[in-house]
Amino acid sequence: MKYLSYIYRAAANFAFLALVYFSLNFIGTYQQRAIIAGLVLAYAGMRAISALRSFVFFKAIQKLELETRRLGGLAGEGPSAVANRKATVSDVVNQRQAGEMKAYIDLFFLAIIAVLCIAKIVTD
């Protein structure tokens, strides 16, 4: 399921990229193309800021993972509680890594879209 979610994220971003590309290429006048490119650039910028802010959240989760592992041995609980805690921490690690990968995929496609929009604004 993890790899399927990566494929879905890449396909959705590629569809957005194709939509932007065809929209900018089929608009005839420069003024309309520049307006559309500016609006798409603003939207891509907002999504990029959101993706970059998620890395702060992922860093906080990583700190909590390390602290949970450190305190796990000090709790003095039974072996079933330790195994349950390890399973929970490993699940959180997998979810965090998947979220980071999805954010990287988003940022890659948003960078391509930003370059495309800037190219359409700059060229006549």
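Helix α1 has 25 residues and spans 36 Å from first C-alpha to last, close to the 36 Å expected at 1.5 Å a residue. The expected span is 1.5 Å times one less than the number of residues in the helix. Helices here are DSSP runs (H or I, at least four residues; strands are E, at least two), numbered from the N terminus. This is a predicted model: local features need pLDDT of at least 70, side-chain atom pairs count only at pLDDT 80 or more, and totals for chains, interfaces and linings use all residues. Residues are numbered from 1 along each chain as its sequence is written, and side-chain values use heavy atoms, with hydrogens and water left out.

**Burial and the nonpolar core**

- Buried residues in α1 are Tyr6, Asn13, Phe16, Leu17, Val20 and Leu24. Buried means under 20% relative accessible area, exposed means over 50%, and partly exposed lies in between (1.4 Å probe, protein chains only).
- In soluble globular proteins, nonpolar side chains tend to be buried together.
- The largest nonpolar core has 18 residues, of which Val20, Leu24, Val40, Ile113 and Cys117 touch the most other members. Such a core is a set of buried Ala, Val, Leu, Ile, Met, Phe, Trp, Tyr and Cys residues joined through side-chain atoms within 4.5 Å.
- Helices α1, α2 and α3 (79-122) each supply at least two residues of this core. The largest share, 8 residues, comes from α3.
- Valine 20 is in contact (heavy atoms within 4.5 Å) with Val40, Ile113, Leu116 and Cys117, leaving aside its neighbours within four places in sequence.

**Aromatic pairs**

- A pair of aromatic rings is described by the distance of the centres and the angle of the planes.
- Rings of Phe, Tyr and Trp (its six-membered ring) pair if their centres lie within 6.5 Å; planes under 30 degrees apart count as stacked, over 60 as edge-to-face and the rest as tilted. The count by this rule is 8 aromatic pairs.
- Phenylalanine 22 and phenylalanine 26 are stacked, because their ring centres are 6.0 Å apart and their planes meet at 10°. These two residues are 4 apart in helix α1 (residues 2-26), about one helical turn.
- Phenylalanine 22 is partly exposed at 45% relative accessible area, whereas phenylalanine 26 is exposed at 67%.
- Phenylalanine 55 and phenylalanine 58 have ring centres 6.2 Å apart and planes at 75°, so this pair is edge-to-face. They sit 3 residues apart in helix α2 (residues 30-72), again about one helical turn.
- Phenylalanine 58 is buried, with 10% relative accessibility.
- One aromatic cluster is formed by Phe55, Phe57, Phe58 and Tyr104.

**Salt bridges**

- Side chains of opposite charge can pair when their charged atoms come close.
- A salt bridge is a side-chain nitrogen of Lys or Arg within 4 Å of a carboxyl oxygen of Asp or Glu. The count by this rule is 4 salt bridges.
- Aspartate 106 and arginine 47 form a salt bridge at 3.8 Å, N to O. Aspartate 106 lies in α3 and arginine 47 in α2, so the pair ties together parts 59 residues apart in sequence.
- Aspartate 106 is buried at 10% relative accessible area; arginine 47 is partly exposed at 25%.
- Arg9, Arg47 and Asp106 are linked in a network of salt bridges.
- Arginine 96 and glutamate 65 meet in a salt bridge at 3.0 Å, N to O. This pair links distant parts of the chain, with arginine 96 in α3 and glutamate 65 in α2, 31 residues apart. Both partners, arginine 96 and glutamate 65, are buried.
- Arginine 96 also forms a salt bridge with glutamate 100, the closest N and O atoms being 3.2 Å apart. Glutamate 100 and arginine 96 are 4 residues apart in α3, about one helical turn.
- Glutamate 100 is buried at 19% relative accessibility, and arginine 96 is buried at 8% relative accessible area.

**After α3**

- Threonine 123 is in the segment after α3. Threonine 123 is partly exposed, at 44% relative accessible area.
- The side chain of threonine 123 reaches the backbone oxygen of alanine 119 at 2.7 Å.
- Threonine 123 and alanine 34 are 89 residues apart in sequence, yet 9.6 Å apart in space, C-alpha to C-alpha.

Conventions:
A polar contact is a pair of N or O atoms within 3.5 Å; within protein, one must be able to donate a hydrogen and the other to accept it, and residues adjacent in sequence count only if both atoms are side-chain atoms.
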